[in-house]
Amino acid sequence: MTTNELRKKYLDFFESKKHVVISSASLIPENDPTVLFTTAGMHPLVPYLLGEKHPAGNRLTDVQKCVRTGDIDDVGDQWHLTFFEMLGNWSLNDYWKKESIEFSFEFLTKELNIPVEKLAVSVFEGDDDAPFDEESYNIWKDLGLSEERIYKYNKKENWWGPAGQTGPCGPDSEIFFITDKEACGDNCQPSCSCGKYVEIWNDVFMEYFKDENGNYNKAKIRNVDTGMGVERVTAVLNNFSDNYQVDTMKPIVEKIEELTLLKYSELISGDNQEFLSGMRIIADHLRAATMIMGDERGVVPNNVDQGYVVRKLIRRAIRHGRVFQINDLFCFKIADIVINTMQDFYPELKRNKNFILEEMKKEEEKYNRIFDSSSFNNKFKRLVENKESITANIAFDFFQTNGVPPESIKDMAKENHLEIEDNFNENFDELMKKHQELSRAGAEEKFKGGLADTGEMSTKYHTATHLLHSALRQVLGEHVQQKGSNITDKRLRFDFTHGEKMTDEEKKQVENRVNDAIDKKLSVSMEEMSVEDAKTKGAIGLFGDKYGEKVKVYTIGLGDDVVSKEICGGPHVEDLGGIGHLIKKEESSSAGVRRIKAILE
Ligand code: ATP
Ligand code: MG
């Protein structure tokens, strides 16, 4: 089975169970300051899991592009990728555990023909906060899973959320494929990470709501959220021992084989663990970097936020390329293959192809110069000669003065048998946090598929962002496209495409337009319509590509006074009265993209 067959089978199956297929959202979340990337299918659906009505109904299914920087340290193993695709189905206060587990079981055993004997599952064992999830246990048992294949685990393994201090949360039930790999010992079980058991699917039951006092109360609305890894499932269905042999990854590996003159299959059966993981890291990191750069809201490699992650991924891949003695520029060649294998399903890659290849080349040339510089080389050589232990402080200096990311320094330390201090990652993050005004690198690790802030102030900022977006287009021109938006309850930040610096006159005009609309206390209304209708009505914003897909369109103002019409998930204020005046605080820019920070006062 190919990944494409799996995607189709999954969506068709859930469509037959009355789910509506929705588009994959951008890898870069809109209006969510808590995270850098979309880490799970549920992430773009957060407002709906909190109770907002979804225009497509209460049974949804999709394939979602995901990036998990928290998994970067695991990359090199068989099953963890930085970028992967997640299939998911959701019940928004509709069906519950029985249907959810039965759907999962039917899909795995009937549609994918996986024998029951190859499956193991886990359920929540219960503790002081919430009881044993007997309901799920019994559903699995009734479906024919033998009891020794139903594992009971604690909160650490089998509980989701809440994302912050309070909010929806609940037990989950994970589904594992039992591979033919030999067990690592008598105690080997699904919670073990040796690779014998691969987690392929997770059904999360948002059954509770944790309040300020730390109590777990039964939630008023009950949602089901599930996630299944496309690469992992395709791999196990084909009896592959890892993700890298599936059709979306294999051509990348083949290209690396060509460049390194090594055979992946020989590395798997051989004992050069360093080369094996090196090859996997190159494949994974350049795939992830390509997907992020080629996203609807794609970014270039730089030193902040998502751009910093892209830079880290590319630079680490380049360094591994050097270990393999690849001499020519190679990142763009691999990016080209990633684009070829993914563009049918993700057409945004086609549109961004030249941009990706050019930026890859630039970044590799830049990094090669650093690597060949005597400043960097001599400094590192001295460390090796003195057998120094590598601290986060040392790595941070390399990052700041030479632009070499910590992952590469760690890799080089290992190759040169240098020690790495305990808590290296935490210490490095601390230093970064001090360095960046608002460091969110690594912040998505805290997210774990969490809930964005939908408080009163951030809702106001959300609406103000729509006003700013349309004012910029009116003043500067229609070429202005949103490139990113980041909202907290204290400020908004908006990135958009525009070639030159804004003049003082233009700034004044934009601010005036926004504040005029606010002074008129214009109303905000929402309508649901198809993407086609939204386009016809002149709505801006990101369009999904599913024909006929229903979206929400928020309009500010009425009749001749309409100042903004934008596709958006919400939430927004009902009228502009009392949102305060918008005051621009700061402007900066990078490569054709300008950034505005503003506050409401
Ligand atoms: P693991 O424990 O293996 O890291 P997880 O508990 O983090 O998995 P979930 O957050 O439940 O996984 O994600 C749902 C599904 O997405 C998983 O069952 C798996 O199939 C897939 N998945 C999760 N992380 C990755 C990854 N880094 N690479 C590939 N697939 C993944
Ligand atoms: Mg994980």
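Which side chain does Arg594 meet in a salt bridge? The partner is Glu587, at 3.5 Å from N to O, where a salt bridge denotes a side-chain nitrogen of Lys or Arg within 4 Å of a carboxyl oxygen of Asp or Glu. Arg594 is buried, with a relative accessible area of 8%, whereas Glu587 is partly exposed at 22%. Here buried means under 20% relative accessible area, exposed over 50%, and partly exposed in between (1.4 Å probe, protein chains only).

The model is predicted, so that local features need pLDDT of at least 70 and side-chain atom pairs count only at pLDDT 80 or more, while totals for chains, interfaces and linings use all residues. Residues are numbered from 1 along each chain as its sequence is written, chains are lettered from A and ligands numbered from 1 in the order in which they are written, and side-chain values use heavy atoms, with hydrogens and water left out.

A search of the whole structure finds 46 salt bridges. One of them joins Lys9 and Glu111 at 4.0 Å, N to O. This pair links distant parts of the chain, with Lys9 in helix H1 (residues 3–16) and Glu111 in helix H3, 102 residues apart. Helices (H or I, at least four residues) and strands (E, at least two) are DSSP runs, numbered from the N terminus. Both Lys9 and Glu111 are partly exposed, each at 28% relative accessibility. A further salt bridge, between Asp305 and Arg493, has an N to O distance of 3.2 Å. Asp305 lies in helix H10 (residues 305–323) and Arg493 in strand E11 (residues 492–497), 188 residues apart. Asp305 is buried at 4%, and Arg493 is buried at 6%.

Helix H3 (residues 97–111) has 15 residues and reaches 20 Å from its first C-alpha to its last, close to the expected 21 Å, which is 1.5 Å times one less than the number of residues. Its buried residues include Lys97, Ile101, Phe103 and Leu108. Just after H3, Asn113 takes a positive phi of about 55°.

Ligand 1 has 14 residues around it, among which Asp71, His80, Leu81, Glu199 and Asn202 come nearest; a residue is near if one of its heavy atoms lies within 4 Å. The shell divides into 6 nonpolar, 4 polar and 4 charged residues. Its largest share, 4 residues, comes from E8. A polar side-chain atom of His80 lies 2.7 Å from an oxygen atom of the ligand. An oxygen atom of ligand 1 is also 3.0 Å from a polar backbone atom of Gly229.

Note on methods
Polar contact = N/O pair within 3.5 Å; in protein donor to acceptor, adjacent residues only side chain to side chain. Nonpolar A, V, L, I, M, F, W, Y, C, P; charged D, E, K, R; others polar.
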